[in-house]
Amino acid sequence: MNRLLTLLSALLVAIMAQAKVVMPRFFGDGMVLQQNARCRLWGTAVAGKALTVRPSWNGHGYTTKVDAGGHWAVEVPTPSAGGPYDITLSDGDRLTIRNVLIGEVWICSGQSNMEMPMKGFKAQPVEGADADLLSCRDPRLRLFTVSRNATAQPVDTVVGQWDEATAATVRQFSATAYYFGKALRQSLDVPVGLIVVSWGGSACEAWMNRKWMDPAWLAPFKCGGSVTSADVERLHQRCPTVLYNGMLHPLIGLSMRGVIWYQGEENVSRASTYADQLSTMVRGWRTEWGLGDFPFYYCQIAPYDYSLIGWNYNSAFLREQQSRAEGLIPNSRMAVLMDAGLKQGIHPRKKRQAGDRLALLALGNTYGMARLPDYAKYKNVEFHGDTAVVAFDNSREWIYFENGTAADNYEIAGSDRVFHKAKAWIKRNRLYLRSDSVRQPVAVRYAFHDWAGGDLMHDGLPVSSFRSDNW
């Protein structure tokens, strides 16, 4: 990939020498621009020339001067959703971008569960994908996947292209992102553009600028110091900053509505810092993007038995940190996937649930759609004799067990800190727990293990795993 980008850079230099206007690949035929925004466009051209950008939706010309380094940027106001349009750029030579739609643009980032395409991974299918591919054609849903690229230093371009949604293109595209975009298209009836920026196995630290990071976060990495090209070749997506440099940095400044994120599995072994890292990452992205506190919606990782890959960690602590991050990141919400995991697979098949639940958050919180389902959250626990009574925030519709009776997910402990399986029952929006082995309970846990088939529900959505202790 580094060799490919080197060749691409050489090509761009050659094109510049021929006095042609060049833009990053995400400004190309078939793209979607954010509606009702001042969209920043940029690229390269001959130094010192005046360059004019003329969009067909209003016919106005927006002129800027190319700087001494051959770079230029201009802001162009966009109308309400519509199209297709053309955009003509000229510094004497002309470049025309065709079939441009105006609508809603979202960045879709993370690791393998965001990257997992509709066709699935080998022997790891996406549930329902075959049927959904039969009806996925939508010329107003546009897809762009940023090709994998890990670099020691920031770059300014990516490899990729815009495609209309067809069976062929959707099959290769992120399943989580596709279901999210499909739901927005159906609910908003405007064009939607999705830009996927993901890499399987990537750490949260890989998506951050080094200057944002606590030095202690670098300690677990063999490439924790200054990342070299040799480090990138050996450790690629796991090195701090390398995916920020190679995949995210080129996009910064692109006008968009918000971000969806599905990542965390790679950080299970160092879960205690995840909430602080994720909130730092989002704050850094927002600062550099310059669009204010844009929406950030993310998936809580789904349950999975990590002992199958030799990991001796409890991923429930990572899920807990993800829940905590929701309170640290303004304008963010978490989609819970406790009922959508796969005990034998780190890549759950239920990607529709992931995409649809992210869409529910976006539609309710960003687009203002009323009366959509919402998540109940653990609030506190009170102890009455041998019984624990758990209360929840946002539980107006009452909580319930998915199959009518409680699964084997509920535990209670006394002062000895030994947890025992508990009998569980519900009255309205309270969960009651009791065990014959614990006469004076002091703590409760729900589904607080690597693998748990979540069964506690509210309004059709799962409740996150939780604990009342800090042991």
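A salt bridge here is a side-chain nitrogen of Lys or Arg within 4 Å of a carboxyl oxygen of Asp or Glu. The model is a predicted one, so local features need pLDDT of at least 70 and side-chain atom pairs count only at pLDDT 80 or more, while totals for chains, interfaces and linings use all residues. Residues are numbered from 1 along each chain as its sequence is written, and side-chain values use heavy atoms, with hydrogens and water left out.

On that basis the structure holds 20 salt bridges. One of them pairs K377 with E326, with the closest N and O atoms 3.3 Å apart. K377 sits in strand β14 (residues 377–384) and E326 in helix α9 (residues 316–328), so this contact ties together parts 51 residues apart in sequence. Helices (H or I, at least four residues) and strands (E, at least two) are DSSP runs, numbered from the N terminus. E326 is buried at 14% relative accessibility, whereas K377 is partly exposed at 34%; buried means under 20% relative accessible area, exposed over 50%, and partly exposed in between (1.4 Å probe, protein chains only).

R38 bridges to E75, the closest N and O atoms being 3.0 Å apart. This links strand β2 (residues 38–44) to strand β5 (residues 71–77), the two residues being 37 apart. E75 is partly exposed, at 39%. D86 and R98 also form a salt bridge, at 3.7 Å between the closest N and O atoms, joining strand β6 (residues 82–90) to strand β7 (residues 94–110). D86 is partly exposed at 28%, and R98 is partly exposed at 48%.

Finally, salt bridges link E320, R445, R467 and D469 in a network.
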